[in-house]
Every structure is written in C-alpha cells, then in structure tokens.
Amino acid sequence: MDAETEKMAREFFGYGRWGAPYWFIGPEPAGDSHTQRSLAFRRLGKDGLCDCKEFHNGIGVDWSGELQKTWKRQILILENFLGEDGKVEFPDKGNPAQTLLNYQWECWGSRDGNTCVIELRGLNTKGNSEYRKICDAELGRRIEYIKEKLKTSEEKPKLVVMYGKTDQGRWEPIADHILAIDRPYDRPLMQDSTTYVFAYHPNARGHKGDYWLKDSYWEDLGKRARRESNER
C-alpha cells in the first residue's frame, strides 16, 4: 500500500462538515480507484472531510444526472424527517426524482451544508485483505473520534442515521445505547435532542418483498424519526 492510500485509510472520514445537524454514518466508502481518491483527499481534505461534489469531480465521477442508490435512500430519510420544514432544502423541481437529484448534486455532503456523511473505514475493503487489516486496526480510534465529534459539534445533531446491520456492535458505542434494527414497528432512539436511527444498508442484499428494499421503507424511517423528535 502506498503512503497516500495508507493516509486515506487512517484519516479520510467522508464528506460535509462536523458541525452539521444531520449525520449519516456507513461502514465504508464505495469505489475502488484508491489512487485517484487518495490524491483527491490530499488536495481537498480538511479535518478528515471533503466537499462531496468537489471530491467526485476530482476523481472524474459525475453524479449530476443520476441518483446514487445509497445516497438516494439516505436523502429520502432526511427529506421525510424534515417534512414541511424542508422546503428550503428540498424545493420542488417538478417531480420527486428531480428534487432528490438536485439536492444530491448541490447540497449532499457539502462543506457549507447541513449534512455530515461519513464512514467507519477510510477505504473500500471489499476483496482486499491488506486494506481490511489496516482499516479494522483503526476502527477503535475512529469510533472514539466520531463519538467525540458528535459530543462537541457546534450545532447539536438533530438526526444521526447509522446503517449496516453487521456493524451494530460499532454503532452502539457511538450512540452509547443498545440499538434495534429499524423495522416498521420499532421506534428510533431519542437521546437528549438527537434522534438515532439504525437501519439496514441501502444496498443490503435481500429477498423479493423484503421491506427495506423499497423506497417506502426509507421514507417511513424519516417520518418515524420526525414523530419521535416532535414528541420529546
């Protein structure tokens, strides 16, 4: 592993800003062009974060015309969590898909926006034992770092979404609470003024008919998180 990729494994957390009110935490980033990604991170990284649009422009990936599946479903949670209060962030663009696409391109993971879109691991480790070894060795430190950032955020996060069933044992130290996977009859966790949601990974494999494979599942998560937040 070259030095720049190793640096990314240790220091890259994702996109947006640590002081944002809406957090989304996943297991690890997608993509396998690690050399391009590590060079983009060197140019654009600040406090472990980059601007999402600038970063992907820097590696030659254009998300202006296509909804990325993982982001789409996280954005559906946010849109429904905000409800009527989200008209500024989600102005009507003529149809629901275009509204989401506009938000993804212009606002998602922006350095001056309202989201913190981060990962437990700094690299995509799928099929690479070397990357997995170094990233897993960093997990304890990164979990504590994320937890501290949540505590000291300049704007107390209103919503924290953690996704990926197999990482439940790593989400719970961040939330400092036992979590249940969000099913239609579960309630999101409310602690102080922050609502925590533990969800399946948007790209999780399932069987035809599994409820988390439908966009309606993600919309409902946002609505239930909003209700829980409003009831406290």
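Trp 23 stands opposite Cys 116 in β4, and this residue also faces Val 160 in β5. The strand pairs concerned, β2 with β4 and β2 with β5, both belong to an open sheet of seven strands. The model is predicted, and the protein has nine helices and seven strands.

**Sheet architecture**

- The strand order of the open sheet is β3-β1-β4-β2-β5-β7-β6, and its pairing is mixed.
- The edges are formed by β3 (49–50) and β6 (189–191), each of which pairs on one side only.
- Strands of a sheet pair through backbone hydrogen bonds, in either a parallel or an antiparallel sense.
- Strand β1 (residues 14–16) pairs with β3 in the parallel sense, over two bridges.
- Within that pair, Tyr 15 lies opposite Cys 50 of β3.
- The pairing of β1 with β4 is antiparallel and involves three bridges.
- Here Gly 16 is placed opposite Cys 116 in β4.
- Strand β2 (residues 22–26) runs parallel to β4, with five bridges between them.
- On its pairing with β5, β2 is again parallel, and four bridges join the two strands.
- Strand β5 is in turn joined to strand β7 (residues 194–199) by five bridges, also in the parallel sense.

**Covered strands**

- Strand β4 (residues 115–119) is mostly covered, with five of its five residues buried.
- Both faces of β4 are covered: one side carries Thr 115, Val 117 and Glu 119, the other Cys 116 and Ile 118, and all are buried.

- Thr 5 is located in helix α1 (residues 3–11).
- Thr 5 counts as buried because its relative accessible area is 1%, whereas the cut-off for burial is under 20%.
- Beyond residues up to four places away in sequence, Thr 5 touches His 34, Ser 38, Leu 123 and Tyr 131.
- Phe 12 is found in the loop between α1 and β1.
- With a relative accessible area of 1%, Phe 12 is therefore buried.
- Leaving aside neighbours within four places in sequence, the contacts of Phe 12 are Lys 7, Pro 29, Phe 41, Gly 48, Cys 50, Phe 55, Gly 122 and Arg 142.
- One of these contacts, Phe 41, is 29 residues from Phe 12 in sequence, and their C-alpha atoms are 7.3 Å apart in space.
- Another of these contacts, Cys 50, is the residue that Tyr 15 stands opposite in β3.

**Positive phi angles**

- Asp 47 lies in the loop between α2 (34–44) and β3.
- The phi angle of Asp 47 is near 55°, a positive value in a residue other than glycine.
- Asp 176 occupies the loop between α8 (168–175) and β6.
- For Asp 176, phi is near 60°, again a positive value in a residue other than glycine.
- Asp 176 is classed as exposed because its relative accessible area is 55%, and the cut-off for exposure is over 50%.

**Overall dimensions, contacts and surface**

- The radius of gyration of the protein is 17 Å, which agrees with the value near 17 Å for a compact globule of 232 residues.
- Taken along the principal axes, the C-alpha atoms fill a box of roughly 50 × 40 × 40 Å.
- Buried residues make up 50% of the 232 residues.
- Of the contacts with a separation of 6 or more, 74% are between residues 24 or more positions apart.
- The accessible surface is about 11,300 Å², and carbon and sulfur atoms contribute 46% of this area.
- The protein has 37 positive and 38 negative charges, whose mean positions are 3 Å apart.

Definitions and conventions
Residues are numbered from 1 along each chain as its sequence is written. This is a predicted model: local features need pLDDT of at least 70, side-chain atom pairs count only at pLDDT 80 or more; totals for chains, interfaces and linings use all residues. Side-chain values use heavy atoms; hydrogens and water are left out. The radius of gyration is taken over C-alpha atoms; the globule rule is 2.2 Å times the number of residues to the power 0.38. Buried means under 20% relative accessible area, exposed over 50%, partly exposed in between (1.4 Å probe, protein chains only). Contact means heavy atoms within 4.5 Å. Accessible areas come from the Shrake-Rupley method with a 1.4 Å probe; for residues, only the protein chains shown count as cover. Lys and Arg count as positive and Asp and Glu as negative; His and the chain ends are not counted. The place of a charge is taken as NZ of Lys, CZ of Arg, CG of Asp or CD of Glu. Two strands pair if DSSP finds at least two bridges between them.
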